[in-house]
Every structure is written in structure tokens, then in C-alpha cells.
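Colleague: I'd like to learn how to read one of these. Can you put it up and take me through it?

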Amino acid sequence: PKTRSWVVAPTYQTAEKVFREVWHSIIQNRNPERNVPTRRASYKDMYIETESGSTFEAKSADNPNSLVGEGLDLLILDEAAKQKKIVWEMYLRPTLSDRKGRAIFITTPEGYNWVYDIFLKGKEDIEWDSFNSPAWENQFAYPEGEIDGDLLEAKRNMSREVFDQEYGSLFTSFAGRVYPFDRNIDMGSYPYNPDYHTYCSI
């Protein structure tokens, strides 16, 4: 009761995808008993207000000034990697402070950008959690898992980096690539040992 929640996406059209799922879960559910009583609900305005005083709205990040001033209990950033870091830090993060709200970032990785830094917080900061799920774990879309015909076709005909990003939910990079670089294998913390030779190559 009396909670305020937003879904924020790069555009209203993108935000509508998450709003649609909420709408069909609590306003037009196939099982009417699951519908939530509302005071006002407008799909056109992408706004829901329940009888218990809770609101859910869809917002667009392309107009940051419209994101100022509200205190939120829940913030969902959809397609977070396509949004600007400054929008999160200057406009959205402060909305969570008054109500000690939570944020959920939903996105496909797009290189090692600011969302990658936030992903790492989930491994280091007790207030954060992060995980990635490859497409084949979605048993509704790919009931055959990794051997699904559509996935195998995509894997055959896409570059490894694009497939890993779009289907494997992995952070990848295309810049400066010389060999199949894997951050989890080819990087690490190696203390300096003066007994080792030092090499430089170009």
C-alpha cells in the first residue's frame, strides 16, 4: 500500500514493454481474481493507481527533467545499458533516498560501459546483487536449451562477440581485439615478482 514505482527506459515505446507486462498481470489478467482493484488505470498514459494508494508509471529517460522530484519505492531501469550514466546518478538515484527504495536494472550488455561497473558492484558491495542469464536458460522461449534450432542458427551466422552479448548475456568488447580475449581467463591479479623477466612487445 501507498508505494510509488516507475519503469524508466530510453524511450516511452521501450518503457511500454514492461508496463504492458504489469498491465496484463494486475489489470487485465486472464484470471480476473488476480486483478488489483484500481482508482485509476490508463494504458494510454501508462499509469496505474491502486485502491490501496500505490502507483506504477512508465517514464522516458530522454527527458531527464521529468524525472525530478518524486520519491520512489521501486525503480526499474529497462535497457539500462542504452541509458546515460548521468541520468541514473543525477536524476534517478536520488529518487530512491527518501523512501529507501530499490532499483532493478534490466539490460543486454553493451560492452564495458557504466552498467558493467554497476554489475561488478553486485560482486563486491553487500547492498547490490547482480547476475546474468543466457537466453537458453529461458525455458519458455527456448525449451530445448542450448541446442534450440534458432540459437544454433544465430551462433553459426553471427560473430562470436555479438552472439555472446545478445544471447549469452556476456559483457564483450570489439575494440583492439587481437585474439579471442576472455576477461575471466586472460586477466587477473598477479603480484610483482622481481625474479621474473619483463617483456614488452608491439
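Colleague: Leaving aside its neighbours within four places in sequence, which residues is S169 in contact with?

Modeller: Contact means heavy atoms within 4.5 Å. By that rule S169 touches P109, N132, S133, P134 and D164. Mind that this is a predicted model, where local features need pLDDT of at least 70, side-chain atom pairs count only at pLDDT 80 or more, and totals for chains, interfaces and linings use all residues. Residues are numbered from 1 along each chain as its sequence is written, and side-chain values use heavy atoms, with hydrogens and water left out.

Colleague: Where is S169 found?

Modeller: Look in the loop between α5 (160–166) and α6 (183–186). Helices here are DSSP runs of H or I, at least four residues, and strands are runs of E, at least two, numbered from the N terminus.

Colleague: Is S169 buried or exposed?

Modeller: Buried means under 20% relative accessible area, exposed over 50%, partly exposed in between, with a 1.4 Å probe and protein chains only. S169 comes out at 13%, so it counts as buried. Across the protein, 34% of the 202 residues are buried.

Colleague: In what order do the elements run?

Modeller: From the N terminus you get β-α-β-β-β-β-α-β-α-α-α-α, with 6 helices and 6 strands in the protein.

Colleague: What radius of gyration does the protein have?

Modeller: Take the radius over C-alpha atoms; the globule rule is 2.2 Å times the number of residues to the power 0.38. The protein has 21 Å, whereas a compact globule of 202 residues would be near 17 Å. Its C-alpha atoms fill a box of roughly 70 × 45 × 30 Å along the principal axes.
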